[in-house]
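Colleague: Could we go through this model together? I would like to start with the aromatic side chains and then move on to other contacts.

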Amino acid sequence: MAVADRLQSHAKASPRRVTAVLSLVGYVLVFGTFGGVFPFPSISNETVILLSDAIAVVNTAALSAIVAGVYFIRTDQVAKHRAAMLTAFGLIIAFLAMYLLKVGGGFEKAILVEGPVYWAYLAMLAVHIILSAVSVPVVVHAVVLGLSHSPSELRQTAHAKVGRVAVAAWGLSLFLGIVTYVMLNHIYMWEPRGEAALLLAFVGPKLRD
């Protein structure tokens, strides 16, 4: 309990510093995974597909929690707002764990479509990725402020302003992620991307059936 109190006190005294440290940890995990710095166990192709579906479910639940959180704060239901936003943040942590496992231990997919739909898909995917990256410190800062201050104290902080930016960026990123997931996995076909394409040339068609 004393440790938790000290952590809360530190976060309350230096929320920006805590936000910077936590955001840096997140960036290191993601970029380290993409760069092959962190060792991940190899996972089966079926597990990659299962994780893709699970990530979509988690992101949909997170987006629903964010929408609920916005409704609760607009109707002055502070406790429910806090619970909804912490639920959304917890779901994003779960997403990150599954995403890193999928990227570090499996293969990535490339959509099989051409023309305007392909470019629209790439545009939405690019916006999704960019927003996912740039929203990290904003989301973390809003959460740090929310956890380290009482509702009355939050009125004296930038929590409301930061929270609005976080909701806009985070919510749009999740929405575009869900849309691109549906396009890739349930509307159009896909194939393994990169080096995995050679390894999965024979099993890929079976996985898509």
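Modeller: The following covers aromatic pairs, lysine contacts and a surface patch. Please keep in mind that this is a predicted model.

Colleague: How many aromatic pairs does the structure hold?

Modeller: There are five aromatic pairs. One of them joins phenylalanine 95 and tyrosine 99, with the ring centres 5.5 Å apart and 25° between the planes. That pair counts as stacked because the angle is under 30 degrees.

Colleague: Where do phenylalanine 95 and tyrosine 99 lie?

Modeller: Both belong to helix 4, which covers residues 78-105. They are four residues apart, or about one turn of the helix.

Colleague: And is phenylalanine 95 buried or exposed?

Modeller: Phenylalanine 95 counts as buried, at 18% relative accessibility. Tyrosine 99 is partly exposed, with a value of 22%.

Colleague: Turning to lysines, what does the side chain of lysine 102 contact?

Modeller: Its partner is glutamate 108, through a side-chain polar contact of 3.3 Å. Lysine 102 is also part of helix 4, and it counts as buried at 10% relative accessibility.

Colleague: Which ring does the charged end of lysine 109 sit over?

Modeller: That is the ring of tryptophan 190, whose centre is 4.8 Å from the charged end.

Colleague: Lastly, which residues form the nonpolar patch on the surface?

Modeller: The patch consists of Val21, Leu24, Val25, Val28, Leu29, Val37 and Phe38, which together have about 590 Å² of accessible area. Valine 21 lies in helix 2, residues 15-34, and is partly exposed at 47% relative accessible area.

Notes: Residues are numbered from 1 along each chain as its sequence is written. This is a predicted model: local features need pLDDT of at least 70, side-chain atom pairs count only at pLDDT 80 or more; totals for chains, interfaces and linings use all residues. Side-chain values use heavy atoms; hydrogens and water are left out. Rings of Phe, Tyr and Trp (its six-membered ring) pair if their centres lie within 6.5 Å; planes under 30 degrees apart count as stacked, over 60 as edge-to-face and the rest as tilted. Helices (H or I, at least four residues) and strands (E, at least two) are DSSP runs, numbered from the N terminus. Buried means under 20% relative accessible area, exposed over 50%, partly exposed in between (1.4 Å probe, protein chains only). A charge sits over a ring if NZ of Lys or CZ of Arg is within 6 Å of the ring centre and within 35 degrees of the ring normal. Patches are made of residues with over 30% relative accessible area and no salt bridge: like charges are joined within 9 Å, nonpolar side chains (Val, Leu, Ile, Met, Phe, Trp, Tyr) within 5 Å. Accessible areas come from the Shrake-Rupley method with a 1.4 Å probe; for residues, only the protein chains shown count as cover. A salt bridge is a side-chain nitrogen of Lys or Arg within 4 Å of a carboxyl oxygen of Asp or Glu. A polar contact is a pair of N or O atoms within 3.5 Å; within protein, one must be able to donate a hydrogen and the other to accept it, and residues adjacent in sequence count only if both atoms are side-chain atoms.
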